Amino acid sequence: MKFLLVEDNHDLANAITSRMRLDGHVIDHADKISDASAFVATGEYDLILLDIMLPDGDGRAFLKQHRASDLDTPVIILTARSQVSDRIGSLDLGADDYVTKPFDHEELAARCRAVLRRKSGNAQTTIVLGDVVFDPVAGHLMVGHEAVTLRNRELRLLELFMNAPGQVFSKQKLADRLFSYDVDVSENAIEVYVGRLRKHLEGSDLRITTLRGLGYRLDRDG
Amino acid sequence: MRYLITVFLIVFGQVVVAQDWEDHQIFNAENATTSLRIVSSTDTDLFAPLIEAFVAKHPDVGVDYFVTGTAEIDRLFRDKPKAFDIAISSAMDLQLKLTNDGFALRLNGVLHPEWAQWRQSLFAFTSEPAAIVINKAAFSGYPIPRTRQELIQALRARPEAFRNRVGTYDVRKSGLGYLFATQDARASETFWRLMEVMGSLNVRLYCCSGEMIDDLITGRISVAYNVLESYAAVRAESQNALEIILPSDFPTTMMRTALVSRDTLVPQQAERFIQHLVHQQSGADKAASSPLPLLGGEAGVDRATIALEPALMTFLDALKRAKFLSEWTSALIQD
Amino acid sequence: MDNPTVSGSLRYRLGLTLIGGAAVLAVLLFFAVRSYAVQVAQQGQDNILVASVTSMLDAAAIRDNAVEVDIPYAAFSMLTTPADDRVFYAIFQDGTFLSGYRDLGYLGPDAGLENIFGFANVRGVLVRQVSASRTLIGANKRTEVQIVLAQTQDALSATLDQISRNAALLGVGFFALAAALSVWATAATMGQLDRLTTSVTRRGPQDLRPFKNSVPQEMAPLVQSLNSLMARLDQSLSQSEDFIAEAAHRVRTPLATVRSYAEATLQRVDKEENREAMRSMVKAIDESSRAAGQLLDHAMITFRADHLEREDINLVELVRDLVLRMTPIAEMKDLSLSVQGDGSVPYAGDAILLQNAVRNLVDNAMKYGPAESLIDITVRAEPHPHIMVIDRGPGFPSHEISTLTLRFKRGQNAENTIGSGLGLTIAKDVAFAHGGGIKLENTLKGGACVTLSLSS
């Protein structure tokens, strides 16, 4: 996926881009409206992440101008403002969703996914591994010719594994990605989700191997 | 109280009776508890029906009816305002002056047309023209005069036939005569020419209409000038010999008037009598018949009625009267 | 709100002044017209008296050495009045009575051109009298003829009574007209104030534009002060709004940066103690940002609730929009949000406040609801509009139900959950602002049930 991040705070922008790249996305960064306009004019993006308070103007003005030029690239607004006073205005101007700073990266990812799912059709986001076809945006999993329905956490867990087959993930690392930091999660919970994934992948040439003391790894047969 | 009043009336009545009256009659004396004293210039037989109708309606009221001349009424009223309750006179000028001088009582309960009353105190109740009355025998074969001018010509044409045989009021004695004469003089100079002609014929002078008519009937005189038509009409009916002429050049009509004394002791009864009088004489009561002429219509419409106004006092002025009488005398009394 | 101290009424004061003035003017008018009429009427009578006495004097002559006054008939005739006024006169020659009424006295000088007017009492009645004289020159002597002519005033007073009645009617009419005009003028003047009041009252709480409508000159300073007060209010309001936005931006953006770095770092470090430190850091950031957010929200809600701006909304649509937006977060926890109830619940209220209240309720439900459970949101119009949120969590501790909606109060079982404790307080404040309330219950199965009810 190709994202455009419009954010004047470079530290935050760096943090977001490095995290997005970690998830396997391509991300361009613009720190003011004029740059953003130039990026949009030359490249095609699947999603724009837009800050409101920018040095050369209000992000909502860019949004308005963007929508007026007939481009339907989905936009998620990153706002530090109170949700109470800003929400209606930004959605009325044509933003698809918004996140309030500071945000949970998983929440941002989930919102991106939801927005992309609503606007799906134009982007091919499937990951093919062996006889498994996985579309993390739509949440579709095809094992052979059978469609499997995944719950959200199962989906996010599978995405983690399929983005890095052969890599070992510790239980703790997986828990940090699947659960909010506000709940203490037992390692059993991870075992439950891994168990469910294994069940869904039964019959395919993918399997999740347990490495005692280290964690889990996605392997491909053959 | 009643006793006192009775005594008072008896004593006063004797004083009144002491006067030399032409006539005096008492109506309804037996039932009356109160009595109205009326002094009048109208002959009793002409007025009696009106009084009888009144006492029939008001049985508790009696009427003392005294008849005398108009000038005498004026004098009596001025001298003794308490002696009489009602004054009735044909001398409009004297009656008006009595009212002007404050001798009349204001009667707000009497409804009467504006022209026929003055100060709601003096009420007219007849319209009576002055007439020329002739003995027809004296004019047989000659045209009967219709105007003063024709009368003058008739008298001049046959002075010997009329010498000592014409009559009129002695204006020095008769208030009504003075009124008629002054009004005639005011209207036309013809009056003075007539007076001169009559003076040259050795005119006979009378105090009253009645006597003039008597002499006409007996043939003592052939022409009487300024006789009250009403008096003459009563006699002419029985005496075919008379003819009454209302001069067509300018008729003089007077209104007989009544007033209530300011000092009357019976104002309610007096007011009721005036109400009765003007009602009867208005002709509203068809059943009632009065020998007196009715009041008639609005003044001045068909006959020049002498108006009830302060101007009537003009000829009563001492200087004016003296001047008029002197002219009258010099015209009429020729030696 | 404090009512202003009222002392008297401008309307009554103005009305009374105008009507009182009209009454005084009406009385003055009455007396002015009447006294003028008295003059004119008296003048009329005097003129006739003079004409009459002049005609009498003209008729005076010396004949045979004696004074003769041949009073013209017209002299008295012209004194005829509708009220039949009485006439008195006296004729003197050099002060010696000749004829007429002896009780009249000659008032004038021995000779003169001037007619002397006066009032006298003759025979108990008041009369207006005129004295005039004329010098006659005979063959061998000069003599003075003096005449006093008097007339009662019955017709004059009848005329004056009539005029007084008319003048009184005129005065009353003038007063009635002036009073009506006063009422109208008062109403018109006060109408300007009423119109200004109405236009101030009709404005929404956010409408702080200056008044542009034209007002009478006298009211201009008031409107000016009002406009400058509103300008200052507007400025301070937008300043505080800007301040809130600026504060949020200044606090949240660095927090977001730190959080993002912490998260990214967490992905890279393997040493458990470092990871634990990173997790604690993220937790602390989340808590403080949430607290800051809710504090700002609460401030904003308090402000808006004080100036509630109602618009027509559909509660079902409002809740559906909100649920759609919260679905991604719910999904992350494998929670399902379900909206039930009536198809449409129209209501007049503040959409932003209501949405915020419901969001806080759903936030709470998502916090306490166990994974892969259902959260039921029910919107109904009867008996009065209400929104009910039910989760499948442990429910409220029964002994704390009454105190939970107090500010910063959190349930005992919430130790492991991030939240400032303001969520229920916000929901309660919003419900109160809409004339409703909030009810906390536990379902039979143990889940929490919060009902936000609004006035119908």
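**Figure 1. A bridge between two strands of chain C.** In the predicted model, C:Ile387 has C:Leu452 of E14(C) as its bridge partner. The strands here are E12 (residues 386-390) and E14 (residues 448-453) of chain C. Their pairing is antiparallel and runs over five bridges. In general, strands of a sheet pair through backbone hydrogen bonds, in either the parallel or the antiparallel sense.

**Figure 2. The five-stranded sheet of chain C.** The sheet is open, and its strand order is E9-E11-E12-E14-E13 (chain C). Pairing is mixed. Strand E9 (336-341) and strand E13 (437-442) of chain C form the edges. Each of these two pairs on one side only. On average, and with direction ignored, neighbouring strands of the sheet are turned by 15° against each other.

**Figure 3. Helices packed on the sheet of chain C.** Helix H6 (residues 315-332) of chain C packs on the sheet and touches E9, strand E11 (374-380) and E12 of chain C. The direction of H6 makes about 170° with that of E9(C). Helix H7 (residues 351-368) of chain C also packs on the sheet. H7 touches E11, E12 and E14 of chain C. The angle between the directions of H7 and E14(C) is about 180°.

**Figure 4. Chain C as a whole.** Chain C contains eight helices and 14 strands. Of its 456 residues, 32% count as buried. Consider contacts in chain C between residues at least 6 apart in sequence: 65% of them join residues at least 24 apart.

**Figure 5. The contact of chain C with chain B.** Here 18 residues of chain C are in contact with 15 residues of chain B. On the chain C side, the elements giving two or more residues are strand E2 (66-69), helix H2 (73-77), strand E3 (87-93) and strand E4 (96-100). H2(C) gives the most, with four residues. By class, this side of chain C has nine nonpolar, four polar and five charged residues.

**Figure 6. The contact of chain A with chain C.** Chain A gives 36 residues and chain C gives 41 residues. Elements of chain A that give two or more residues are helix H1 (10-22), helix H4 (83-92), strand E7 (97-100), helix H5 (105-118), helix H6 (152-163) and helix H7 (171-178). The largest share of the chain A side, seven residues, comes from H1(A). That side divides into 14 nonpolar, nine polar and 13 charged residues.

**Figure 7. Two crossing helices of chain A.** The axes of H6(A) and helix H8 (residues 187-201) of chain A come within 10 Å. They cross at roughly 80°. The two helices are therefore roughly perpendicular to each other. H6(A) makes the contact with A:Arg153, A:Glu154, A:Leu157 and A:Leu158. H8(A) contributes A:Tyr193, A:Arg196 and A:Leu197. By class, the contact has four nonpolar, no polar and three charged residues.

**Figure 8. Nonpolar cores.** The largest nonpolar core has 123 residues. Within it, B:Ile86, B:Ala87, B:Val133 and C:Ile147 touch the most other members. Leaving aside neighbours within four places in sequence, B:Ala87 is in contact with B:Val39, B:Ile73, B:Phe77, B:Gln95, B:Leu98, B:Ala258, B:Leu259 and B:Ser261. Another core, of 94 residues, lies apart from the largest one. Among its residues are A:Leu12, A:Val99, C:Val282 and C:Val316.

How values were computed:
Residues are numbered from 1 along each chain as its sequence is written. Chains are lettered from A and ligands numbered from 1 in the order in which they are written. This is a predicted model: local features need pLDDT of at least 70, side-chain atom pairs count only at pLDDT 80 or more; totals for chains, interfaces and linings use all residues. Two residues are in contact if their C-beta atoms, placed from the backbone, lie within 7 Å. Ala, Val, Leu, Ile, Met, Phe, Trp, Tyr, Cys and Pro count as nonpolar, Asp, Glu, Lys and Arg as charged, and the others, Gly among them, as polar. A nonpolar core is a set of buried Ala, Val, Leu, Ile, Met, Phe, Trp, Tyr and Cys residues joined through C-beta atoms within 7 Å. A residue is buried if 20 or more other C-beta atoms lie within 10 Å of its own, exposed if 12 or fewer, and partly exposed in between; C-beta atoms are placed from the backbone. Two strands pair if DSSP finds at least two bridges between them. Axes are lines fitted to C-alpha atoms, for helices over the stretch in contact, and angles run from 0 to 180 degrees between N-to-C directions. Angles under 35 degrees count as roughly parallel, over 145 as roughly antiparallel, 65 to 115 as roughly perpendicular and the rest as oblique.
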